[in-house]
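Student: I have a model open and would like to go through it step by step. Could we begin with the bonds and then turn to the helices?

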Amino acid sequence: MTTGPAPISGWRIFGKALTGALIGFLATPIAVFAVVLTLNFFNAVCGTPGDSGGCEMGLATAVVGSAIPGAAIGFIVNLERALLARRRG
């Protein structure tokens, strides 16, 4: 009697979800940095004396503020992927 592959364990699912959280924690700020930097490049106010570093601080705030949501998104996406793989068998 042949059986299918062994089901994925709960620890492996949790490990995959944590890997996704780490990837999201690192990749999301990089993507946000690129987008905000591009938007600041086309903003006529950025770099003028009246700006006083506001665009640069907005860039830093957006990058730092995106790390935790990116980790949460990565965790949830990889958790769902692992659970779907477990259901498929």
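Student: Which residue does a disulfide join to Cys46?

Tutor: The disulfide joins Cys46 to Cys55, with an S to S distance of 1.9 Å. A disulfide here is a pair of cysteine sulfur atoms within 2.5 Å. Please note that this is a predicted model: local features need pLDDT of at least 70, side-chain atom pairs count only at pLDDT 80 or more, and totals for chains, interfaces and linings use all residues. Residues are numbered from 1 along each chain as its sequence is written, and side-chain values use heavy atoms, with hydrogens and water left out.

Student: How many disulfides does the structure hold?

Tutor: The structure holds 1 disulfide.

Student: Are Cys46 and Cys55 buried or exposed?

Tutor: Cys46 and Cys55 are both buried. Buried means under 20% relative accessible area, exposed over 50%, and partly exposed in between (1.4 Å probe, protein chains only).

Student: Why is the disulfide of Cys46 and Cys55 called left-handed?

Tutor: It is called left-handed because the torsion about its S-S bond is about -85°.

Student: On to the helices. How do helix 1 and helix 2 cross?

Tutor: Their axes come within 9 Å and cross at roughly 160°, and helix 2 covers residues 54-65. Helices are DSSP runs (H or I, at least four residues), numbered from the N terminus. Axes are lines fitted to C-alpha atoms, for helices over the stretch in contact, and angles run from 0 to 180 degrees between N-to-C directions. Helix 1 and helix 2 are therefore roughly antiparallel, a term for angles over 145 degrees.

Student: Which residues of helix 2 make that contact?

Tutor: Helix 2 supplies Cys55, Leu59, Ala62 and Val63, while helix 1 supplies Pro29, Val32, Phe33, Val36, Leu37 and Asn40. Contact means heavy atoms within 4.5 Å. By class, the contact of helix 1 with helix 2 has 9 nonpolar residues, 1 polar and no charged. Ala, Val, Leu, Ile, Met, Phe, Trp, Tyr, Cys and Pro count as nonpolar, Asp, Glu, Lys and Arg as charged, and the others, Gly among them, as polar.

Student: And at what angle do helix 1 and helix 3 pack?

Tutor: Helix 1 and helix 3 pack at about 145°, with their axes 6 Å apart. Among the residues making the contact are Lys16, Ala17, Thr19 and Gly20 of helix 1 and Gly74, Asn78 and Arg86 of helix 3. The contact of helix 1 with helix 3 has 14 nonpolar, 7 polar and 2 charged residues.

Student: Where does Asn78 lie?

Tutor: Asn78 lies in helix 3, residues 67-88. Leaving aside residues up to four places away in sequence, Asn78 touches Lys16, Ala17, Thr19 and Gly20.

Student: Why does Asn78 count as buried?

Tutor: Asn78 counts as buried because its relative accessible area is 17%.

Student: Last one: is Phe41 buried or exposed?

Tutor: Phe41, found in helix 1 (residues 10-42), is exposed, with a relative accessible area of 67%. Phe41 and Leu22 are 19 residues apart in sequence and 29 Å apart in space, C-alpha to C-alpha.

Terms used. Helix = DSSP H or I, 4+ residues; strand = E, 2+ residues; numbered from the N terminus. Parallel < 35°, antiparallel > 145°, perpendicular 65-115°, else oblique.
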